[in-house]
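Dear colleague,

Please find below the structure that I am handing over to you, together with its sequence. My findings follow directly after it.

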Amino acid sequence: MSTPATRRAFWQGLRDGAPFLLVVGPFALLFGVAATAAGLDIVETMAMTALVVAGASQFTALTLMQEQAPTLIVIFTALAVNMRMALYSASLAPYLGQARLGTRALAAYFLVDGAYTLSAAKYEREEMTLSARLAYFFAAVLPMALCWYALTWVGAVTGQAIPESWPLDFALPITFIAIVAPMLRRLPHLVAAFVSINVTLALSWMPYSLGLIVAAFLAMAAGAMVEAWQERQG
Amino acid sequence: MSDPVTIWIVIAALGLGTFAIRFSFLGLIGDRELPRWALRMLRYVPTAVMPGLVAPLVVWPAATGGEPDPARLIAAAVVLAVGAATRQLLPAVAAGAATLGLLLAVLPSA
């Protein structure tokens, strides 16, 4: 298990995941504050944070519950926000599919945006053994997850979020653009990103985050077509 | 706010449902071979989802009430340029954060 390559992947995962603490931390504090302000007690707040581990959908559920929406609507709307994660799951299957079922289940529980994007980019870039891939993924995600639990709790107990005058809203765009940017040196990825951005913005009127899903499928198809075209060109 | 029973139903359903979504393909496909066209499409998931996820936050930031903000647009462009040029995560993040901090301090805000 602990070959030099696996150990190296572990340290790389820790290092690459570190910037995401700036994304996760403020978001977790804010969720803790918002959940208790909305009337959830500390046990309910922490149960949601630990069982769902998907901030945007947790905020969606919270907002809809405050608006007294029917329970089924709350559940389906919040789940719709997470549909993109089925694509993450499919995307990692060719890389992690040989892991044991329990390991795959654990990876699925931790399949958050940041760790997914880091890992998918890394696996495409480098030949790695299965154990090195797993070491990278879990090393990247564990600090994020611990930060998510811990700072939700701090937010819930203290009621203190980070002042809005700090532009931490932009930590998320900055980190995700930074991971994707090197991939855009290749034409199919550049085309996929172009389609993704334009279609998502054009379809921002669609409910249930559907615009993003439609855009993702069109962008994947566009990337795949450009790749196939490039192969034919030799 | 909802009553405790409703809150716990939402927590349980959202937790189970989210896990099911995340486990779906990882769990069911496992190490079975996927068709070539599927593998080809799946290679583009990161560049098909992340730019779309981030684009509204860059173009219509909530911090400015949804109005496009020059500081944030320029910072995003700097991250993109530094990331593509260096292929390194940390320099790109640092350059973007520094640009945003500087521009927000210098530019007149609305």
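Chain A contains 12 helices and 0 strands. Please note that this is a predicted model, and the values in this message were computed from it.

**Chain A**

Read along the sequence, the elements of chain A give the pattern α-α-α-α-α-α-α-α-α-α-α-α. The C-alpha atoms occupy a box of roughly 60 × 45 × 40 Å along the principal axes. Of the 234 residues in chain A, 50% are buried. Among contacts in chain A with a separation of 6 or more, 75% are between residues 24 or more positions apart.

A:Gly25 lies in helix 2 (residues 21–37) of chain A. A:Gly25 counts as buried because 20 other C-beta atoms lie within 10 Å, and the cut-off for that class is 20 or more. Leaving aside residues up to four places away in sequence, A:Gly25 touches A:Cys147 and A:Leu151. The C-alpha atom of A:Gly25 is also separated by 8.2 Å from that of A:Thr152, although these two residues are 127 residues apart along the chain.

**Chain B**

Chain B has 5 helices and 0 strands, and from the N terminus on its elements run α-α-α-α-α. The C-alpha trace of chain B spans about 50 × 50 × 20 Å along its principal axes. For chain B the radius of gyration is 20 Å, whereas a compact globule of 110 residues would have one near 13 Å. Buried residues account for 41% of the 110 residues in chain B. Of the contacts in chain B between residues at least 6 apart in sequence, 38% join residues at least 24 apart.

Helix 3 of chain B deserves a separate paragraph. This helix has 15 residues and reaches 22 Å from its first C-alpha to its last, close to the 21 Å expected at 1.5 Å a residue. Helix 3 of chain B is mostly covered, with 12 of its 15 residues buried. Among the buried residues are B:Val45, B:Pro46, B:Met50, B:Pro51, B:Gly52 and B:Val58.

**Contacts between the chains**

How many residues of chain A are in contact with chain B? There are 82 residues of chain A in contact with 64 residues of chain B. On the side of chain A that touches chain B, helix 6 (residues 84–96) of chain A supplies the largest share, 12 residues. By class, the residues on that side of chain A comprise 58 nonpolar, 16 polar and 8 charged.

A helix pair across the two chains can be described in more detail. The axes of helix 8 (residues 113–125) of chain A and helix 3 (residues 45–59) of chain B come within 10 Å and cross at roughly 145°. The crossing of these two helices is left-handed. A:Thr117, A:Ala120 and A:Ala121 of helix 8 of chain A make the contact with B:Val45, B:Pro46 and B:Met50 of helix 3 of chain B. This contact has 5 nonpolar residues, 1 polar residue and no charged residues.

With kind regards

Terms used:
Residues numbered from 1 in each chain as written. Chains lettered and ligands numbered in written order. Predicted model: local features only at pLDDT ≥ 70, side-chain atom pairs only at ≥ 80, totals over all residues. Axes fitted to C-alpha atoms, helices over the stretch in contact; angles between N-to-C directions. Helix = DSSP H or I, 4+ residues; strand = E, 2+ residues; numbered from the N terminus. Left-handed = near helix turned anticlockwise from the far one by under 90°. Contact = placed C-beta atoms within 7 Å. Nonpolar A, V, L, I, M, F, W, Y, C, P; charged D, E, K, R; others polar. Rg over C-alpha atoms; globule rule 2.2 N^0.38 Å. Expected span 1.5 Å × (residues − 1).
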